[in-house]
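Biologist: I am new to reading protein models. Can we walk through one together, feature by feature?

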Amino acid sequence: MAAAQPKPPAGATARRLARGCWSALWDYETPKVIVVRNRRLGVLYRAVQLLILLYFVCPAERTWVAGRPVPAGELSLPGVASGAGAAPARRYVFIVQKSYQESETGPESSIITKVKGITTSEHKVWDVEEYVKPPEGGSVFSIITRVEATHSQTQGTCPESIRVHNATCLSDADCVTGELDMLGNGLRTGRCVPYYQGPSKTCEVFGWCPVEDGASVSQFLGTMAPNFTILIKNSIHYPKFHFSKGNIADRTDGYLKRCTFHEASDLYCPIFKLGFIGGVIGVIINWDCDLDLPASECNPKYSFRRLDPKHVPASSGYNFRFAKYYKINGTTTRTLIKAYGIRIDVIVHGQAGKFSLIPTIINLATALTSVGVGSFLCDWILLTFMNKNKVYSHKKFDKLMLCGGEGQGLW
């Protein structure tokens with residue numbers, strides 16, 4: 001029998017493996033150009049390259065209004081184009097993204113608003129001081145179109161509103177003395193008393209009496225509301241680029257006293273007719289500025305949309321309460337007013353960009369690198385799915401020794 005070959009020591013195997021890894025660390029790999037004459041593979045390669053170029057260079061069709069996509073449900077005002085009549089504009093992907101620019105989002109902004117107009121109800125003329133709340137002219141304000149007023153409320157006892165849960169009763173036993181309902185109008189006295197009208201009875205409460213449902217008078221103010229005008233004065237500042245601008249024309253000829261907003265002819269007259277709309281309305285002012293262009297090309301874009309859920313009856317519309325206090329014969333008295341109307345939220349956003357060398361280099365390198373995806377894909381197909389993949393692998397990967405023996409250098 002042949003003598004058994006001695007096994008090499010474990011340490012020697014590890015040393016050989018380490019030497020091999022160390023040697024491979026200093027190998028140099030260079031691409032090898034191989035021309036593969038395959039029509040289908042060539043078409044695929046050029047198609048991938050074309051798709052990448054289309055993404056970075058070629059135009060995309062979009063519907064834009066005033067320089068932005070038209071959102072669904074946008075409200076139309078005079079001088080502001082609607083989505084149905086908007087003409088499609090061609091934009092380039094690379095230009096739209098402006099990847100050659102340094103950008104800043106969220107400009108510093110200030111807003112001043114002013115409403116003008118008068119209206120009437122059945123027995124009264126209402127001016128701005130009465131139907132605009134709050135009167136300071138900030139970015140959020142309300143315009144009252146209907147009120148329900150409960151006059152001459154004083155602290156005392158009266159029947160609870162029949163709308164309050166467990167307020168109806170048949171006898172005093174149904175009313176708990178001292179009970180306080182968070183959705184009610186006062187502290188229960190323990191008595192069951194006749195309601196304001198009809199045969200019903202409710203528990204008596206101590207609070208501001210009479211309660212709202214018992215003696216409120218409704219007045220409609222919305223007759224002239226469509227003709228109210230709203231001035232929205234907005235100034236923005238981009239601190240990174242030291243750029244500031246406002247939305248009012250710099251004129252001293254009384255221009256603002258005779259103009260109303262129109263997107264084409266009166267862009268810098270931010271006076272809008274209210275129109276008869278209800279609920280919570282967002283006035284969105286968008287300042288998207290390309291600061292590589294003159295400052296005159298940085299213009300505000302306006303859009304209007306309803307912010308509250310219009311088609312949800314339980315929460316549709318807008319209302320709030322406030323009171324006016326006075327004294328009669330030394331007794332504190334108030335008029336409680338439940339106001340219905342329109343809440344205006346002025347929202348400002350935007351983005352400014354200016355050419356910068358660093359993002360330009362980065363994005364150009366990204367575009368050029370992305371073109372190499374076609375080569376990677378075709379190599380993977382050749383090495384995996386083609387009939388002559390072994391031939392291609394043999395041609396593509398060569399190992400070249402530049403010296404006479406292992407460990408000897410080229411120089």
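Modeller: Start with pairing. Two strands count as a pair if DSSP finds at least two bridges between them. Here is a case: P194 has K201 in strand 12 as its bridge partner. Keep in mind that this is a predicted model.

Biologist: How many bridges join strand 11 to strand 12?

Modeller: Six bridges join them. Strand 11 covers residues 186–194, and strand 12 covers residues 201–209. The two strands run antiparallel.

Biologist: What do strand 11 and strand 12 form, and which residue in the turn has a positive phi?

Modeller: They form a hairpin, with six residues between the strands. G198 sits in the turn, and its phi is about 85°.

Biologist: Now side chains. What is the general idea for a strand?

Modeller: In a regular strand, side chains alternate between the two faces of the sheet. For a single residue, look at accessibility. Buried means under 20% relative accessible area. Exposed means over 50%, and partly exposed lies in between.

Biologist: Take V205 in strand 12. Is V205 buried or exposed?

Modeller: V205 is buried, because its relative accessibility is 0%.

Biologist: Next, charges. What is the idea behind a salt bridge?

Modeller: Side chains of opposite charge can pair when their charged atoms come close. The cut-off used is a Lys or Arg side-chain nitrogen within 4 Å of an Asp or Glu carboxyl oxygen. By this rule, the model has eleven salt bridges.

Biologist: Which residue forms a salt bridge with R191?

Modeller: E204 does, with the closest N and O atoms 3.2 Å apart. This pair links distant parts of the chain: R191 is in strand 11 and E204 in strand 12, 13 residues apart.

Biologist: Are R191 and E204 buried or partly exposed?

Modeller: R191 is partly exposed, because its relative accessible area is 44%. E204 is buried, because its value is 8%.

Biologist: Last topic: surface patches. Which residues form the nonpolar patch?

Modeller: L180, M182, L183, L187 and F206 form it. Together they have about 590 Å² of accessible area. Look at L180. It lies in the loop between strand 10 (140–159) and strand 11. L180 counts as exposed, because its relative accessibility is 51% and the cut-off is over 50%.

Biologist: Which residues form the positive patch?

Modeller: K114, K116, K233 and K257 form that one. K114 is in strand 6, residues 108–116.

Biologist: Why does K114 count as partly exposed?

Modeller: Its relative accessibility is 48%, so K114 counts as partly exposed. That value falls between the 20% and 50% cut-offs.

Terms used
Residues are numbered from 1 along each chain as its sequence is written. This is a predicted model: local features need pLDDT of at least 70, side-chain atom pairs count only at pLDDT 80 or more; totals for chains, interfaces and linings use all residues. Side-chain values use heavy atoms; hydrogens and water are left out. Patches are made of residues with over 30% relative accessible area and no salt bridge: like charges are joined within 9 Å, nonpolar side chains (Val, Leu, Ile, Met, Phe, Trp, Tyr) within 5 Å. Accessible areas come from the Shrake-Rupley method with a 1.4 Å probe; for residues, only the protein chains shown count as cover. Lys and Arg count as positive and Asp and Glu as negative; His and the chain ends are not counted. The place of a charge is taken as NZ of Lys, CZ of Arg, CG of Asp or CD of Glu. Helices (H or I, at least four residues) and strands (E, at least two) are DSSP runs, numbered from the N terminus. Buried means under 20% relative accessible area, exposed over 50%, partly exposed in between (1.4 Å probe, protein chains only).
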